Amino acid sequence: MSATSPFRRAGLVGPALLVVLILVGVPLGIMAWVSLLGRGSTIGVDWQSAPSFANYTKLIWEEDFDGTLLFNPTYLSILWRSVWQAAATTVICVTLGLPVALWMSSLTRGARDVAILLITIPFWTNLLVRNYAWLIILREDGVVSQTANAIWPFGPVQLLYNDTAILIGLVYSFLPFMILPIYAGFEKFDWRLLEAAYDLGANRRRALMRVIIPLAMPGIIAGAMLVFIPSLGSFVTAAILGGGKSMMMGNLIQLQFGQSRNWPFGATISVVLLALMMLVLMGIAIWKNRQEAKR
Amino acid sequence: MNLRRLPLTREISLAVLVYLYVPVVVLIVYSFNANRTATVWSETSLDWYRKILVNPSIRDATWNSLVLATAAGIGATLLALAAALGMKSRFRGKGLVEAVLNAPLILPEIVVAVATLMLFVAIGIDMGLTAMIPAHIAFCIPFAYLPIRARLQGMNPSLEEAAQDLYANRFVTFRRVTLPLLWPGIMAGFTLAFVTSLDDFLTSFFLSGPGSTTLPVYIFSAIRAGITPEINAISTVMLIVSVALVVTSFLLGKMRR
């Protein structure tokens, strides 16, 4: 077929590209600018204020009455919670996802399709609904809470509105994102390698550590990216299961755009969130390059 | 002996399936509970389904969601179709263009949502469907683009060549050869974009104005107000719709092979 002319191509690709640039690229630019401005009195931003890094210092230090800077751990602790919640979610998802993917790949073809469907159905269910379901299970007067309180001898057990509840919700929200890439990797596997390992006298543990995990690594990395990044920027889970006490970065951003009406500070946290995400993506890119260099 | 079967993988997998489905089952079961407090089981009833059917705010929210998802689905699919056709040949900067088109997949939604809010406030666009539709189109583009692109890559180029050899002009070739071959990809892309928009909460949450509440936004505020069997009933309906869509697209995918 005749090659597409540059003009035709621009006409075809241009509209979609423009829509994404105008509605995603430009807003992110505006956000970076707003993060340097001061808060407004009526609407969220004072567009006339002189740009400064005041919002960024506010993340770490608090200004006292006389202008001295005091260390303020409030925001840092929320940042830290987001990072470790996302990391813990990723680790749990790998621990659960690897055996599930392995098990799925050992099934017959028809059973595999059913297993994929069973894993994907909860993922297609609305995120709010998925987290709400855990709210019902973990609530104070629910069966689980009452049983836990009956068994646990040391005072009342609170299952909701804490970091554990958020962790359960995050794993529940993103687990399929880990299982499916690992499984996709296993589908392409040459399983004779595993047979060879056993023939050469490897026991199961050794076969797992030396054959299965190294070969599953690209899937694990892809899954880790798909789990870590949305967990880091999640809002719904902590909003429903954290009950306003346990906040993550997403909730802090929402708070600034909602009740606090401090848009520039909200923009600042968003910029930090994007920067953290970039760091993770860069780390993964470096790891991939190194893996390819090894080959 | 199945070599791939390591000890415990089966047990862990079954436990994971239980973990995935217990919340769903609990949610559905409690939607049939007659008791308002949702904690005590009194008797089975369909009251809550009847209540959500006649609730005007739920009806309006459902309507808004459907209008928004249809507009976003059609808009995103048309833009993505054109983009996928334009991306067929190699050119300089192709990787970058592809990365920009797929950026909404990887960017945290809350960040894009508040950034779009700031853009719309800065240029004076009122919140509501006029703000939500373009924003939804933007983040639905990759969901429509990826299936269409995949279908296009799997297409045999000699079919188009044959059409042109037989004196079909560009338009006829597209209309009679490319489009029919691409159709399953287009439908898959539209379905994905439609479902993504329908399920979206965050973007709508920040950009909806008075009277343009969508179903997820309504559910969120209802959850914030407290647990009621009413929410369970709406959730169950949404769950059934999602599952029906997934199973249908899965079966359609099987049929095509």
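Predicted model: local features only at pLDDT ≥ 70, side-chain atom pairs only at ≥ 80, totals over all residues.
Residues are numbered from 1 along each chain as its sequence is written, and side-chain values use heavy atoms, with hydrogens and water left out.

With contact taken as heavy atoms within 4.5 Å, 87 residues of chain B touch 83 residues of chain A. The area buried between chain B and chain A (the accessible area, 1.4 Å probe, that two parts lose on being put together, summed over both) is about 7900 Å², and carbon and sulfur atoms give 78% of this area. Across this interface of chain B and chain A, zero salt bridges are found, a salt bridge being a side-chain nitrogen of Lys or Arg within 4 Å of a carboxyl oxygen of Asp or Glu.

Over all chains, the structure holds five salt bridges. One of them joins A:Arg81 to A:Asp163, with the closest N and O atoms 2.9 Å apart.

A nonpolar surface patch of about 340 Å² is made by A:Leu18, A:Leu21, A:Ile22 and A:Val26; patch residues have over 30% relative accessible area and no salt bridge, with like charges joined within 9 Å and nonpolar side chains (Val, Leu, Ile, Met, Phe, Trp, Tyr) within 5 Å. Accessible areas come from the Shrake-Rupley method with a 1.4 Å probe, and for residues only the protein chains shown count as cover.

Definitions and conventions
Chains lettered and ligands numbered in written order.
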